[in-house]
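Me: Got a protein model here that I'd like to talk through. Can you take my questions as they come?

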Amino acid sequence: MEELSPSKSDWTEVRGSEVHGRGMFAVKDIPEGEHIIEYLGERIDKEESDRRGNALYDVSQETGGAQVYLFTLDESWDLDGNFEWNTARLVNHSCESNCEAQIDDELRIWLTAVRDIKCDEELSFNYGFGIDDYEKHPCLCGSRKCVGYIVTEECWPELRRIIKKKKAKEERKAAKEKARKRKKEEKRKKKFS
Ligand SMILES: C[S@@+](CC[C@H](N)C(=O)[O-])C[C@H]1O[C@@H](n2cnc3c(N)ncnc32)[C@H](O)[C@@H]1O
Ligand SMILES: [Zn+2]
């Protein structure tokens with residue numbers, strides 16, 4: 001893949017983020033609907049996309065994490081944005097995002113404002129990750145709506161159910177452990193009384 005010049009936008013600049021590493025910030029007020037920056041990358045067919053996705057999955061199994069920048073464009077094509085010159089890849093995820101990725105008629109991806117954005121606000125969009133392996137992607141977006149993990153909004157009800165069930169199981173386990181310790185302590189007291 002040839003090296004392209006980094007994607008630029010008059011609306012944004014890259015800065016350190018409180019959410020994670022580097023992020024993208026508005027340098028002026030951005031109106032709703034604005035195409036802020038293009039998400040650049042290599043257009044690849046589904047077979048190549050599966051190959052790259054599987055390779056990243058293998059890396060994540062070995063290292064516990066891997067950055068995924070694969071976007072679905074249509075039934076035939078995906079876009080791999082894993083290139084230094086794709087500055088838009090630095091936009092972090094949020095559960096209450098101010099941007100979304102819109103695909104135009106030419107299959108170009110634009111990070112687009114879904115509401116008016118104030119100067120100095122960090123830009124974000126929902127990464128749209130599936131629910132499998134959700135625990136590998138804890139979310140630190142800090143929004144009031146945060147569901148705790150980077151997961152597509154469609155899966156939030158299922159995620160909430162899973163988290164609730166898991167919490168109830170942990171609470172039962174903790175209560176059992178507490179009861180076991182109390183019994184042990186009572187036995188010990190009886191022995192020495
Ligand atoms: C595409 S990069 C975004 C740029 C990244 N901040 C950096 O400095 O390279 C995606 C990675 O950023 C991190 N990230 C993005 N949004 C996040 C969030 N809301 N909470 C926690 N980590 C996040 C995750 O590690 C994710 O795999
Ligand atoms: Zn979140």
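Predicted model: local features only at pLDDT ≥ 70, side-chain atom pairs only at ≥ 80, totals over all residues.

Me: Which side chain does K46 meet in a salt bridge?

Reply: D78, at 2.4 Å, N to O. K46 is in helix α1 (residues 46-63) and D78 in strand β6 (residues 77-80), 32 residues apart. A salt bridge is a side-chain nitrogen of Lys or Arg within 4 Å of a carboxyl oxygen of Asp or Glu. Helices (H or I, at least four residues) and strands (E, at least two) are DSSP runs, numbered from the N terminus.

Me: D78, buried or exposed?

Reply: Buried, at 7% relative accessibility.

Me: Why can such side chains pair?

Reply: Because opposite charges can pair when their charged atoms come close.

Me: How many salt bridges does the structure hold?

Reply: 16. One of them joins R144 and E96 at 3.3 Å, N to O. R144 lies in the loop between β10 (124-125) and α2, and E96 in the loop between β7 (92-93) and β8 (99-103), so the pair ties together parts 48 residues apart in sequence. R144 is exposed at 78%, while E96 is partly exposed at 30%.

Me: Which residues are linked in a network of salt bridges?

Reply: E42, E48, R51, R52 and D80.

Me: New topic. What about the overall build?

Reply: The protein chain has two helices and ten strands. Its C-alpha trace spans about 80 × 40 × 25 Å along the principal axes. Of its 193 residues, 35% count as buried.

Me: And what is the radius of gyration of the protein chain?

Reply: 22 Å, whereas a compact globule of 193 residues would have one near 16 Å. That value is taken over C-alpha atoms, and the globule rule is 2.2 Å times the number of residues to the power 0.38.

How values were computed
Residues numbered from 1 in each chain as written. Chains lettered and ligands numbered in written order. Heavy atoms only, no water. Buried < 20%, exposed > 50% of the residue type's maximum accessible area, 1.4 Å probe, protein only.
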